[in-house]
Amino acid sequence: MDIDTSIFPLASISKTFIATAVMQLVEKELVDLDTDINRYLFESVQRIYHPDYPSHSITLRKLLSHTASITVKPEEQNMQYRPDDTAFDETLAEFCLKYINPSC
């Protein structure tokens, strides 16, 4: 292991920071916990939805409470942790649309 070049997943430690940041945005009334997540993404043509329930919105509340029923195939998730992998060049929206949304 080299502390300057080894890549580690953020995993559960990032949940605290993301939840705090989102709740600060909620306090400032810049986002709403129960609004469809697609409203906050910059993709106007594609939308993220649950493949079995396309008419049900995925919201920040569902994402933060891990109740959106989103899963990622382990082999696709694990590819992100390799050095020089192009997955590190994707935005969050691009990642979601590529790996979560089955219509892409």
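The secondary structure of the chain consists of four helices and zero strands. Read along the sequence, the elements follow the pattern α-α-α-α. The average pLDDT is 77. Of the residues, 62% score at least 70. Helix α2 has the highest confidence, with a mean of 90. Helix α3, residues 74-78, has the lowest, with a mean of 65. Where pLDDT is low, the predicted coordinates should not be read in detail.

The chain has 104 residues, and buried residues make up 25% of them. The exposed surface comes to about 8,000 Å². Carbon and sulfur atoms supply 56% of that area. Contacts were also sorted by separation in sequence. Among those between residues at least 6 apart, 46% join residues at least 24 apart.

In soluble globular proteins, nonpolar side chains tend to be buried together. Here, the largest nonpolar core has nine residues. Val 22, Val 31, Leu 33, Ile 37 and Ile 48 are among them. Ile 58, Leu 60, Ala 68 and Leu 97 also belong to this core.

His 50 is found in the loop between α1 (13-27) and α2 (60-64). The relative accessibility of His 50 is 12%, so this residue counts as buried, the limit being under 20%. Beyond residues up to four places away in sequence, His 50 touches Ile 58, Ala 68 and Ser 69.

Side chains of opposite charge can pair when their charged atoms come close. The count in this model is one salt bridge. Asp 34 forms this bridge with Arg 61. Their closest N and O atoms are 2.7 Å apart. Asp 34 lies in the loop between α1 and α2, and Arg 61 lies in helix α2, so the pair ties together parts that are 27 residues apart in sequence. Both partners are partly exposed. Asp 34 has a relative accessibility of 47%, and Arg 61 has one of 42%.

Two residues other than glycine have positive phi values. Glu 29 has a phi near 60°. Glu 29 is found in the loop between α1 and α2. With a relative accessible area of 72%, Glu 29 is exposed. His 66 has a positive phi of about 60°, although this residue is not a glycine. His 66 lies in the loop between α2 and α3. The relative accessible area of His 66 is 58%, so His 66 counts as exposed. His 50, in contrast, is buried.

Notes: Residues numbered from 1 in each chain as written. Predicted model: local features only at pLDDT ≥ 70, side-chain atom pairs only at ≥ 80, totals over all residues. Heavy atoms only, no water. Core = buried A, V, L, I, M, F, W, Y, C linked by side-chain atoms within 4.5 Å. Buried < 20%, exposed > 50% of the residue type's maximum accessible area, 1.4 Å probe, protein only. Contact = heavy atoms within 4.5 Å. pLDDT = per-residue confidence, 0-100. Areas by Shrake-Rupley, 256 points an atom, 1.4 Å probe, with all protein chains shown as cover. Salt bridge = Lys/Arg side-chain N within 4 Å of Asp/Glu carboxyl O.
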